[in-house]
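Q: Please guide me through the reading of this structure, feature by feature.

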Amino acid sequence: MHSALTEAKVVVPSIAQDQRLHRFMNAYWLRPENALWMALRSQALSDISWAHRSIDLSCGDGVFSFLHAGGQFEDDFDVFTSILPQNQRNDEKDDIFDHCDGRYKPVIVSPPQYGIDVGTDLKPNLLAKAGRLGLYEELEVHDNNQPLPFETHAFQTVYCNSIYWVENIDQFLAEMSRITAPDGQILLEVKMDSVLRYTLESHRERLGDRFLDIIGRGRAGTWPSMGDQAQWESRFAKAGLSITKATSFVTRTHAHIWDVGLRPIAPMLIELANSVTAQTRSRVKKQWVDLFCELCEPFFQADIDLLPGGDEPAEILYELKQTV
Ligand SMILES: C[S@@+](CC[C@H](N)C(=O)[O-])C[C@H]1O[C@@H](n2cnc3c(N)ncnc32)[C@H](O)[C@@H]1O
């Protein structure tokens with residue numbers, strides 16, 4: 001199953017614009033702000049082919065890459081169907097997705113249009129989920145703060161959308177450069193430190209610490225390598241990487257929507273959604289997805305910004321190659 005996908009010729013996945021938002025909304029419905037951000041991420045990558053061999057570093061549960069590759073789930077499947085049970089949580093900042101059990105059954109109605117040779121992540125539970133998608137040939141647990149366990153020049157396509165989660169950033173970039181073939185490409189979707197400004201932080205005095213803690217749920221603490229455009233670009237140069245193209249695709253407006261979003265109430269919404277009958281869940285989910293697609297549709301544009309003046313983007317897709 002996997003090899004047929006990885007042997008297939010290189011394809012650029014074709015997903016209609018309205019279907020893209022709908023598919024991401026369906027998979028991430030209880031976090032519509034994440035669905036919008038991921039659909040924008042996928043849209044930014046839409047002209048790019050994934051030549052083999054390819055690797056998805058920090059692939060997580062693989063759902064993003066599966067949907068981006070044109071895969072389609074049955075409507076009732078989403079990433080909330082199996083999460084860490086209440087009685088196994090230590091505190092409100094636990095990653096509720098770091099869990100995999102028998103309820104996690106992604107029903108695939110269309111397979112992805114290409115396969116990915118290798119997926120890696122720090123969390124074995126997420127890789128167990130990724131292993132149910134028929135997308136990855138191999139999955140390996142790996143901490144990106146350590147050297148990559150792959151041969152020099154092993155990959156034509158190296159992708160990562162979670163680079164700012166890595167502490168040892170210079171080593172990670174140098175390692176990515178090492179495993180990339182001389183004519184290969186590195187695709188990085190990088191959140192900029194401007195997202196830390198596109199928040200309610202400047203109103204802390206009026207809103208209070210607890211308010212901002214509830215809204216944030218410890219997000220920023222998991223991003224040790226945030227930087228601005230100039231910092232990232234100098235890190236790339238230091239790692240021997242040249243920028244072929246840089247595409248901004250998340251604005252201040254997107255980041256502000258995402259800042260508040262449904263993050264604080266998501267655990268309760270998930271519990272509710274998973275407590276009702278399958279028929280009720282399915283019926284309400286359909287109405288919810290249709291409504292949020294309509295609400296997000298005007299924002300499903302890489303450059304929309306409702307705020308006055310201009311400011312830095314909140315995420316950039318960098319296409320990089322080794323400097324000759
Ligand atoms: C925001 S998620 C993105 C996952 C996936 N790429 C996606 O688009 O859905 C960040 C991922 O980075 C992984 N991660 C965090 N720190 C890591 C590290 N030091 N090494 C490898 N993966 C890490 C997490 O386990 C998580 O799956």
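Q: Where is the place of Arg53?
A: Arg53 sits in the loop between α3 and β1; helices (H or I, at least four residues) and strands (E, at least two) are DSSP runs, numbered from the N terminus. This is a predicted model, in which local features need pLDDT of at least 70 and side-chain atom pairs count only at pLDDT 80 or more, while totals for chains, interfaces and linings use all residues. Residues are numbered from 1 along each chain as its sequence is written.

Q: Which peptide bond joins His52 and Arg53?
A: Most peptide bonds are trans, and most residues other than glycine have a negative phi. His52 and Arg53 are joined by a cis peptide bond, with omega about -5°.

Q: Which phi does Ser58 have, and is Ser58 buried or exposed?
A: Ser58 is not a glycine, yet its phi is positive, at about 60°. The residue lies in the loop between β1 and α4 (63-68). Ser58 counts as buried because 20 C-beta neighbours lie inside 10 Å; a residue is buried if 20 or more other C-beta atoms lie within 10 Å of its own, exposed if 12 or fewer, and partly exposed in between, with C-beta atoms placed from the backbone. His153, in the loop between β5 and β6, also has a positive phi of about 60° without being a glycine. His153 has 14 C-beta neighbours inside 10 Å and therefore counts as partly exposed.

Q: Which way do the residues of strand β1 point?
A: In a regular strand the side chains alternate between the two faces of the sheet. In β1 (residues 54-57), Ser54 and Asp56 point one way and Ile55 and Leu57 the other way, and all are buried.

Q: In what order do the strands form the sheet?
A: Strands of a sheet pair through backbone hydrogen bonds, either parallel or antiparallel. Here 7 strands form an open sheet, ordered β5-β4-β1-β6-β7-β9-β8, with mixed pairing; two strands pair if DSSP finds at least two bridges between them. β5 (136-141) and β8 (241-250) are at the edges with a single partner strand each, so one side of each has no neighbour in the sheet.

Q: How many bridges join β1 to β6, and how many join β1 to β4?
A: β1 runs parallel to β6 (residues 155-160), joined by 4 bridges, and Leu57 stands opposite Cys160 in β6. With β4 (residues 116-121), 3 bridges are formed, again parallel; Thr120 is the bridge partner of Leu57 in β4. By contrast, β7 (residues 180-191) and β9 (residues 315-322) run antiparallel and are joined by 6 bridges. Lys191 stands opposite Glu315 in β9.

Q: At what angle do the axes of α2 and α3 cross?
A: Axes are lines fitted to C-alpha atoms, for helices over the stretch in contact, and angles run from 0 to 180 degrees between N-to-C directions. The axes of α2 (residues 17-27) and α3 come within 8 Å and cross at roughly 140°. α2 is therefore oblique to α3, given that angles under 35 degrees count as roughly parallel, over 145 as roughly antiparallel, 65 to 115 as roughly perpendicular and the rest as oblique. Residues making the contact include Leu21 and Phe24 of α2 and Met38 and Ala39 of α3; two residues are in contact if their C-beta atoms, placed from the backbone, lie within 7 Å.
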